[in-house]
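I opened this model to look up a few local features. My notes follow in the order I took them.

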Amino acid sequence: MPILLLLFVNGGVFAQEAAARERAVAAFDQGVQQLLDGHPKRAEKSLRQAVSRDPAFLPARRLLGVACDLNDNYAEALEAYLEVIRLDSSFSRLLYYHVGDLYLRAGEPRRALDYFARFQQLQNSPPGTFGLNGEQEAGTEANILEATLGQRILAAQILSDSLNYVNATDLSRLGDEINTRFNDYFPFFTNDLTGVLFTRQGSDGDEDLIRGKRRRQDGDYSTERFGNFNTQQPEGMCSLVRDGETIFFTLCHEVESGGSCDIHSGVLIDGRIEQIVKLPDYLNSSTWDSQAAISCDGRQLLFASTRPGGIGGSDLYSSTRLDDGSWSEPVNLGAGVNTPEDEEAPFLSNDGETLYFSSMGHSGLGDQDIYFSRWDPRSERWAPAINLGPPINSPARELGFHLSAEGRTGYFASDRPGGKGGLDIYRFTLNEELTGREVTYVSGYVTDSLTGVPITEQEVLVTGGDVFRTNYAGRFFICAPPDRGLPLEVDHSNYLPYQHSFPIPSWDNRQPYRIDLRLAKPEIRAAVPAAEPPKPAAPEPAPAAQEVQLLFAFESYALEDDQREVLHRFLDHLDPDRVQMVTISGYTDETGTSEYNLTLSRRRAETVAALLRNRGIPEAKIQVEGKGELPGQRDRKMNRKVDIRIELR
């Protein structure tokens with residue numbers, strides 16, 4: 001507390017005032033002692049008495065400003081400081097800096113810049129101009145000029161410039177059932193927003209994982225400690241994978257070296273964390289490792305670590321899940337993100353291409369700010385970090401950024417004025433330009449088509465892309481780009497090969513978009529004993545059929561590259577000699593006249609027919625239909641399509 005040390009040096013000098021001030025001085029001395037004892041609220045009361053007894057007692061009025069400042073009462077602190085300057089503009093040069101700093105923390109950056117500039121200009125005056133205060137405060141001023149003033153001016157400039165645009169709206173603090181007088185931070189909400197996991201730090205410094213639940217999205221929360229691992233050591237800082245099943249969290253335990261925090265994973269089953277596993281030692285070092293973040297598809301892991309070899313104190317690292325399910329060696333995210341100071345609390349957008357994190361090393365508005373960085377595919381590294389600006393960031397501390405499943409509603413923690421106490425959790429709506437690309441959560445089950453029995457640990461291939469695997473219940477989860485087809489393949493030795501392209505709509509992701517894959521077994525015919533008379537021949541089974549769907553752009557009958565690729569991959573697995581009949585049905589949305597839509601739908605179907613002919617399917621086996629407009633679909637984009645049905649011998 002440099003400001004307190006500065007003011008208390010001359011407490012005895014201030015007390016040596018005229019006898020007329022005797023009662024004011026007594027109250028002043030009492031306020032000084034109460035501040036030194038760590039009781040700013042009591043000190044504020046005593047100093048108000050001193051000022052009321054002698055309004056011209058400037059040392060008491062100035063120290064009243066200090067007490068109000070310590071009590072987060074910015075308005076009255078400013079009033080006290082400004083009154084000192086009004087009564088005596090040469091009372092203290094340092095006071096101009098403190099007024100500027102208060103204006104900055106109160107969210108008035110332009111006034112802050114004015115007083116910072118006046119503080120700089122007054123450096124041209126000799127210290128004696130400001131009497132005894134000028135001489136006593138020279139050392140403190142030198143430290144501010146060297147280490148602090150430049151950063152505060154930059155913060156005020158950033159905040160001032162940010163007032164010209166809005167990065168977030170609808171900022172509000174969560175209710176008292178979540179926020180307490182303790183530190184509440186690192187929120188992570190379930191996809192449907194009825195549940196939240198966050199960390200709470202008690203007065204003894206212990207951290208626990210807390211669960212909040214509510215019956216509806218706008219209801220009140222009930223909270224409880226969560227997990228059977230909470231101890232007297234810190235736990236928490238969790239991250240849920242978007243599949244709603246896998247969770248990463250931190251456990252800290254005493255070791256011979258003094259203490260260690262490591263990242264663990266678990267599976268959420270019936271509201272409990274089961275199958276808890278510590279991540280491998282090459283991910284968890286001998287130092288502090290914590291605050292894991294996982295990409296939407298579960299393939300990229302980010303975390304904070306103080307391990308040797310980094311750029312600063314705490315750096316951010318990434319690891320990729322390999323095809324065998326293991327994690328790659330962690331890689332430092334580099335100087336665009338990490339600094340010689342601390343970086344922590346990473347979070348990835350749904351598309352995995354925007355990183356949000358907290359830092360004390362980049363130029364910011366205050367103690368710790370939240371930044372974002374975009375992935376640059378050309379350089380294959382994260383771009384230099386950018387401050388998210390107000391109202392998310394402030395001159396206070398901000399950390400623990402999180403976006404809900406739909407990618408716009410966000411949450412973070414801050415110890416800004418107006419909270420319940422310590423760090424509180426806030427909600428906001430993020431500007432669309434600062435979010436990632438839209439993603440639809442797709443989930444379903446792979447089952448036996450006759451019995452409905454789930455098929456577990458089964459690979460599900462996105463044609464030409466990633467491989468996913470079903471869990472213990474036969475469930476798979478994919479983060480897919482909307483408004484295009486999702487071609488899936490399943491190859492199981494006991495079933496016929498499965499291949500189908502699903503049209504994926506835009507989705508709010510509160511519940512995943514559901515698709516199920518039902519695998520059929522090949523027909524098995526029993527051998528007939530030679531001695532028995534032959535039985536009547538069984539009727540020929542109906543020809544097998546395969547289907548695929550392609551999407552078209554608005555008012556276009558040209559097939560785009562990604563849809564063309566879907567069709568070609570579908571045909572790569574098709575034997576033209578087995579094709580008995582192909583039915584191609586074109587559709588449009590309801591935009592335009594019926595006559596126009598009928599023509600456009602047929603042109604779309606003919607475009608696909610031409611591609612099939614080029615792949616060796618005879619024209620005589622191709623039937624083209626223009627169906628016109630398709631009403632009733634919630635998302636019109638899904639009506640601009642062509643359905644292909646191929647019957648096989």
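Entry 1. I am working from a predicted model. I started with Arg397, which is partly exposed because its relative accessibility is 26%. Arg397 makes a salt bridge with Glu344, with 3.8 Å between the closest N and O atoms. Arg397 sits in the loop between S18 and S19, and Glu344 sits in strand S14 (residues 343–348), so the pair ties together parts that are 53 residues apart in sequence. Is Glu344 buried or exposed? Glu344 is buried, at a relative accessible area of 13%.

Entry 2. I looked up the total next: the count is 35 salt bridges. One of them pairs Glu274 with Arg272, at 3.3 Å from N to O. Glu274 is partly exposed, with 28% relative accessible area. Arg272 is also partly exposed, at 45% relative accessibility.

Then I checked helix H12. Arg602 forms a salt bridge with Glu606, and the closest N and O atoms are 3.2 Å apart. The two residues are 4 apart in H12 (residues 594–614), which means about one helical turn separates them. I noted the general rule beside this: an α-helix has 3.6 residues a turn, so residues three or four places apart point the same way. Arg602 is partly exposed at 38% relative accessibility, and Glu606 is partly exposed at 36%. I also found a network: Arg173, Asp176, Lys420 and Asp424 are joined by salt bridges that share partners.

Entry 3. I looked for a negative surface patch. Asp297, Asp323, Asp324 and Asp466 form one. I followed up Asp323, which lies in the loop between strand S12 (315–320) and strand S13 (331–332). Asp323 counts as exposed because its relative accessibility, 81%, is over the 50% cut-off.

Entry 4. Most residues other than glycine have a negative phi, and most peptide bonds are trans. I went through the exceptions.

- Gln275 is not a glycine, yet its phi is positive, near 55 degrees. Gln275 lies in strand S9 (residues 272–278). Gln275 counts as exposed, at 53% relative accessibility.
- Glu380 has a positive phi near 55 degrees. Glu380 lies in the loop between strand S16 (369–376) and strand S17 (381–382). Glu380 is exposed, with 60% relative accessible area.
- Pro390 and Pro391 are joined by a cis peptide bond, with omega about 5 degrees. Pro391 belongs to the loop between strand S18 (386–387) and strand S19 (398–403).

**Entry 5. Two helices.** How many of the 12 residues of H7 are buried? I found 11, so H7 is largely enclosed by the rest of the structure. Among the buried ones are Leu94, Tyr97, His98 and Asp101. H7 (residues 94–105) should span 16 Å at 1.5 Å a residue, and its end C-alpha atoms are 17 Å apart, which agrees. Just after H7, Gly107 has a positive phi of about 85 degrees.

Just after H3, Gly38 takes a positive phi of about 80 degrees.

**Entry 6. A buried glycine.** Gly266 is in strand S8 (residues 260–269). Gly266 counts as buried, at 3% relative accessibility.

Technical notes: Residues are numbered from 1 along each chain as its sequence is written. This is a predicted model: local features need pLDDT of at least 70, side-chain atom pairs count only at pLDDT 80 or more; totals for chains, interfaces and linings use all residues. Side-chain values use heavy atoms; hydrogens and water are left out. Patches are made of residues with over 30% relative accessible area and no salt bridge: like charges are joined within 9 Å, nonpolar side chains (Val, Leu, Ile, Met, Phe, Trp, Tyr) within 5 Å. Accessible areas come from the Shrake-Rupley method with a 1.4 Å probe; for residues, only the protein chains shown count as cover. A salt bridge is a side-chain nitrogen of Lys or Arg within 4 Å of a carboxyl oxygen of Asp or Glu. Lys and Arg count as positive and Asp and Glu as negative; His and the chain ends are not counted. The place of a charge is taken as NZ of Lys, CZ of Arg, CG of Asp or CD of Glu. Buried means under 20% relative accessible area, exposed over 50%, partly exposed in between (1.4 Å probe, protein chains only). The expected span of a helix is 1.5 Å times one less than its number of residues.
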